[in-house]
Amino acid sequence: MISDLSISAVISISFIVLYCITIIGLVLLVLLENRNPLKTIPWVIVLIFIPGIGLLVYYFFGRDDRRLRILSRRVYKRFLRQARKEDHKQNPNDVPQQFLPLAHLLKNSNYSAIIGGSAIEIFTDGRSKFDRLLEDIKNARHHIHLQYYIFQDDRIGEEVSNALIIKAKEGIKVRVIYDDVGSWNTKKEFFDKMKEAGIEIAPYLKVVFPILTSKVNYRNHRKNVVIDGEIGYIGGMNIADRYVYGNNLGLWRDTHFRITGKGVYGLQSAFLLDWYSMSNQIVKGVEYYPSLPQITDMKMQIVMSGPSSHWRTLLQAYIFCISNSKKYIYIQTPYFLPTEGLNQALQMAALGNIDVRIMLPKRSDTRSAQLATMSYIQKMLEAGVKVYLYKNGFLHSKLLIMDDMLTCFGSANFDFRSFEHNFEINTFVYQRDFTVKMKSIFMQDLQDCEEVSYAAWRKRPITKRLSESFMRLFAPLL
């Protein structure tokens, strides 16, 4: 009996010692990676104070795999050169003087060319967006490239899937990318049906054994459609019923855009890069980059970002925009978890008498992120930032507009995950008419918001403020 107890004690002590050595080693590894302290501290807390579970959480979500490149820079440049052969590249000096440094930043850090001559159609409701998309799919003549983070097998998903199947059976080349984690709830049979019709499908970073991989932390959040190389779609909507029929949060208010003209070259390059990275197939040919007309005087840059990029381009661009605004900067985002740089830039802009407005959903689909988001509001209000809570459903729109001259839209949220972990795609548009139009949409949305009062916000219960502050510790991990 004594011998059995001794053996058990030795095993227990050995396990504890081994675990402690592992945790200490991981903590040292996190420190040696020289990450932003705001990201390092939460991981140290998780590893030390949540035994066992903390180790698993770090394995899935904590490891810094930015050096593991999905695409080499050589291949990246090769795909972009395909589009540039179509003579769409313009001099960054063509953009307004105020935005020259931004245009150069996007060009130097992301190889993002200045593209001129496009036209943009705006959708602020799901039904009109999907009706237009289905019409364009029906009229496709050569190819359809479709990429979404979430492709649900619900009513809207079936409408899109059936339209794609019809075109594939007509001989149109159809390629589909969906994110394997984002579309986890979609049945395998749904995608199998499309494959049987001749549609080529590539799940992004497929996760076969979730418990054995950290890929779940690096997801493709892009929403990108290209039809015949002539029509493109980009924005915040996934393929799901929530944008048309709503869910427990109500109707999802989102913004999506249809691009015609040479801006489609940038969307095509983005899709074909992701297609190559998952299928190892190089798709090229003049039919994918047809000659397109100069429709307007609009200038734009299509920007891709992701964990394998050398620079955090979108984060840098947002900080630039906020820090260099002259009159106003308006932001819509479903999740507001800013890095310290963004946090300071917003407060400095407001303190400098810039009209800074942030629109957030009053209710969120993610409780932890919502709590962390609320912890940032008081300091924003103190600095003079105006904060509005959208109450007519769930606000999922991702939008930044500035000084009646610049609009940024796409898939990226205003949070750590979009800037650090997700593969995103955004468009920067330099044109007064378009920005004024987007500003009017922002103002219309204000009619469905309640403005946050600083006096009322300070009086919230201490328990609520404590829970928000606690979740903020983990903001870089959410």
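**View 1. Lys-187 is exposed, with a relative accessible area of 53%.** Exposed means over 50% relative accessible area, buried under 20%, and partly exposed in between (1.4 Å probe, protein chains only). This is a predicted model, in which local features need pLDDT of at least 70 and side-chain atom pairs count only at pLDDT 80 or more, while totals for chains, interfaces and linings use all residues. Residues are numbered from 1 along each chain as its sequence is written, and side-chain values use heavy atoms, with hydrogens and water left out. The side chain of Lys-187 forms a salt bridge with that of Asp-153, at 3.9 Å from N to O. Lys-187 sits in the loop between strand E5 (173-179) and helix H8 (188-196). Asp-153 sits in the loop between strand E4 (143-148) and helix H7 (155-169). The pair links distant parts of the chain, 34 residues apart. Asp-153 is partly exposed, at 24% relative accessible area. A salt bridge here is a side-chain nitrogen of Lys or Arg within 4 Å of a carboxyl oxygen of Asp or Glu. Helices (H or I, at least four residues) and strands (E, at least two) are DSSP runs, numbered from the N terminus.

**View 2. Glu-420 and Arg-312 meet through their side chains in a salt bridge of 2.7 Å, N to O.** Glu-420 belongs to helix H14 (residues 416-421). Arg-312 lies in the loop between strand E11 (299-305) and helix H10 (313-323). The pair therefore ties together parts that are 108 residues apart in sequence. Glu-420 is buried, with a relative accessible area of 9%. Arg-312 is partly exposed, at 29%.

View 3. Glu-382 is partly exposed, with 39% relative accessibility.

View 4. Side chains of opposite charge can pair when their charged atoms come close. The structure holds 23 salt bridges.

**View 5. The structure has 0 disulfides.** A disulfide is a pair of cysteine sulfur atoms within 2.5 Å. Cys-408 is in no disulfide. The nearest cysteine sulfur to Cys-408 belongs to Cys-321, 6.8 Å away. Cys-408 is buried, at 1% relative accessibility. Cys-449 is also buried, at 11%.

**View 6. Phe-123 and Tyr-233 form a stacked pair among the 22 aromatic pairs of the structure.** Rings of Phe, Tyr and Trp (its six-membered ring) pair if their centres lie within 6.5 Å. Planes under 30 degrees apart count as stacked, over 60 as edge-to-face, and the rest as tilted. Here the centres are 6.3 Å apart and the planes meet at 20°, so the pair is stacked. Phe-123 lies in strand E3 (residues 119-123), and Tyr-233 in strand E8 (residues 231-235). The pair ties together parts that are 110 residues apart in sequence. Phe-123 is buried at 4% relative accessible area. Tyr-233 is buried at 0%.

**View 7. Tyr-243 and Trp-252 form an edge-to-face pair.** The ring centres are 5.7 Å apart, with 75° between the planes. Tyr-243 and Trp-252 are both buried. Elsewhere, one aromatic cluster is made up of Tyr-318, Phe-336, Tyr-376, Phe-414 and Phe-419.

**View 8. Two arginines lie over aromatic faces.** Arg-155 covers the face of Tyr-245, at 3.7 Å from the ring centre. Arg-460 lies over the face of Trp-457, at 3.8 Å from the ring centre. A charge sits over a ring if NZ of Lys or CZ of Arg is within 6 Å of the ring centre and within 35 degrees of the ring normal.

**View 9. Gln-332 is buried, at 2% relative accessible area.** Gln-332 lies in strand E12 (residues 328-332). Its side chain makes a polar contact of 2.9 Å with that of Ser-397. A polar contact is a pair of N or O atoms within 3.5 Å; within protein, one must be able to donate a hydrogen and the other to accept it, and residues adjacent in sequence count only if both atoms are side-chain atoms. Leaving aside neighbours within four places in sequence, the contacts of Gln-332 (heavy atoms within 4.5 Å) include Arg-253, Met-359, Leu-395 and Phe-442.
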